[in-house]
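Q: I have a model open and would like to go through its contacts with you. Could we take it step by step?

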There are 2 protein chains.
Amino acid sequence: MAKTASSKEAILAAGRREFAARGFSGARVEAIARAAGCNKAMLFYYFSSKEKLYRAVLAGALGEIFAELGGVVHARLTPERFMERFPGIYIRFLARNPDLPRILVFDLIRDPENFSRTMAGIFRENSEFNPQRFLGMVRSWHDQGLIAEEDPLHFMLNVISLSIFSFVGRPMVEAISGLRSEDGEAFYRARIRSVVRLLKKGMLK
Amino acid sequence: MAKTASSKEAILAAGRREFAARGFSGARVEAIARAAGCNKAMLFYYFSSKEKLYRAVLAGALGEIFAELGGVVHARLTPERFMERFPGIYIRFLARNPDLPRILVFDLIRDPENFSRTMAGIFRENSEFNPQRFLGMVRSWHDQGLIAEEDPLHFMLNVISLSIFSFVGRPMVEAISGLRSEDGEAFYRARIRSVVRLLKKGMLK
DNA sequence: GTTTGGTTTAACCATACGGTTAATATAACA
DNA sequence: TGTTATATTAACCGTATGGTTAAACCAAAC
């Protein structure tokens, strides 16, 4: 680390980890710098403030998520195929990048306005995921009588809730149940199976 | 405010609002005291540290949530009736107390261990919601062939995800869709309808 | 080998913040 | 009314933290 030209990347990566673990206010600029293998001043040299670094991290995280999702939407699937594939792709992707849902949810609560603006920015620049196209797809599924849900917004909320909250809510459910669920791979496999079944059975007409 | 004997309550209430809005590290002790109409030192007089106050707030929030849920479980419903009633009760309750899901999710991310411990404490003292009884109920539904999901943990994750993430994720979905959803009552009514339909159709055998 | 431009550092700075203290006000009650 | 226990406050305190600065380092260009 601390090798020229990669310092900026190292800071971004370390920032992502720190912000995901402690949220914006909990994150310490100095800790980020240390984790990136450089001096605190470097961070300000490249990002000029904690806030700016945070925004860069958030934008990066959102960008990665939607890049990943772009493919599923481009594929023009049937709703059945969509519900079979979407949870798996999304859940596995988040499992590989557990910092992303944390940052996302943290920011969603702390500052919904900022979150919305950042997302709007992503869509404007990065065309890999086109929300209007996705919405149109969902609406046409309903018009063709393929899915029961008439409101695309609630369709999305259902699909996304089940995927994202798998991560955030897991400790909660474990605490209620007292059961420590199997770690890693086994848990995600079971989770995907359950979500896919629920969505296919519950949303298809 | 600042009237004897209610100061402690005022601080707890103000703390709940502040922690919900900014998370633990983002919350300012001084801001809480001011919002409670008293001096910062009062806060330490009653709660001795920010951390202790936070724990009290979290415990209170969780206690209220599970007190609310206790009734549904005690009622020994059929799975069909359960899925008809649970989302409505839960979503409406959270809508009336929007700080609760925020605090909960904040803490869930920041410190899952602490969250688990707090919840275990709640169950030990407050018997209004009995997790083992609830799990038993779900398991028996499956054994009787009434529901498809064989794993009570994933049953719970599904049900809870759909309810809680309605709140947290709403700005996200609005940002994707570009549609600003109807406020308050109309949104929650639609949300409950969608979740109930999905659960009944998707989880009942 | 000297200039030049981006990169890196150590040492600072101001302040915001959690927490303390010692003194005062208030209520309870004998 | 005097005594005691609880509430409440203003004034502090030490430190952690975001941010700055000025100087040094170092590669490439000339």
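Q: How many residue pairs are in polar contact across the interface of chain A and chain B?
A: In this predicted model, the rule finds 19 residue pairs in polar contact across the interface of chain A and chain B, both residues being at pLDDT 80 or more. A polar contact is a pair of N or O atoms within 3.5 Å; within protein, one must be able to donate a hydrogen and the other to accept it, and residues adjacent in sequence count only if both atoms are side-chain atoms.

Q: Which elements give two or more residues to the side of chain A that touches chain B?
A: They are helices H1 (7–26), H6 (99–110), H7 (112–125), H8 (131–143), H9 (152–168), H10 (170–177) and H11 (184–203) of chain A. H9(A) gives the most, with 12 residues. Helices are DSSP runs (H or I, at least four residues), numbered from the N terminus.

Q: What classes of residue are on that side of chain A?
A: The residues there divide into 37 nonpolar, 13 polar and 13 charged. Ala, Val, Leu, Ile, Met, Phe, Trp, Tyr, Cys and Pro count as nonpolar, Asp, Glu, Lys and Arg as charged, and the others, Gly among them, as polar.

Q: What area is buried between chain A and chain B, and how many residues are in contact?
A: About 5,500 Å² is buried between the two chains, and carbon and sulfur atoms give 70% of that. Buried area is the accessible area (1.4 Å probe) that two parts lose on being put together, summed over both. Contact, meaning heavy atoms within 4.5 Å, involves 63 residues of chain A and 63 residues of chain B.

Q: And how many salt bridges are there between chain A and chain B?
A: The count is eight, where a salt bridge is a side-chain nitrogen of Lys or Arg within 4 Å of a carboxyl oxygen of Asp or Glu. One salt bridge joins Glu150(A) to Arg193(B), with the closest N and O atoms 3.7 Å apart. Over all chains, the count comes to 30 salt bridges.

Q: How are the two copies related?
A: Chain A superposes on chain B by a rotation of 180 degrees with 0.0 Å of shift along its axis, at an RMSD of 0.1 Å. The two copies are thus related as by a two-fold rotation axis. Superposition is by least squares on the C-alpha atoms of residues with pLDDT of at least 70 in both. The same surface serves both copies, since 100% of the contact residues of chain A recur in chain B.

Q: Which residue of chain A comes closest to the rotation axis?
A: Gly202(A) does, with its C-alpha at 1.8 Å.

Q: Changing topic: what are the domains of chain A?
A: Domain 1 covers 1–48 and domain 2 covers 58–203; such bounds come from an automatic or database domain assignment. Their C-alpha centres lie 28 Å apart. The contact takes eight residues from domain 1 and nine residues from domain 2.

Q: What do the two domains of chain A bury between them?
A: They bury about 640 Å², 60% of it on carbon and sulfur atoms. Arg16(A), Ala20(A) and Phe24(A) supply 75% of the area that domain 1 buries against domain 2, more than any other three residues.

Q: How many salt bridges are there between domain 1 and domain 2 of chain A?
A: There is one salt bridge between these domains. Arg16(A) also forms a salt bridge with Glu64(A), the closest N and O atoms being 2.8 Å apart.

Q: What numbering and limits apply to the model?
A: Residues are numbered from 1 along each chain as its sequence is written, and chains are lettered from A and ligands numbered from 1 in the order in which they are written. In this predicted model local features need pLDDT of at least 70, side-chain atom pairs count only at pLDDT 80 or more, and totals for chains, interfaces and linings use all residues, while side-chain values use heavy atoms, with hydrogens and water left out.
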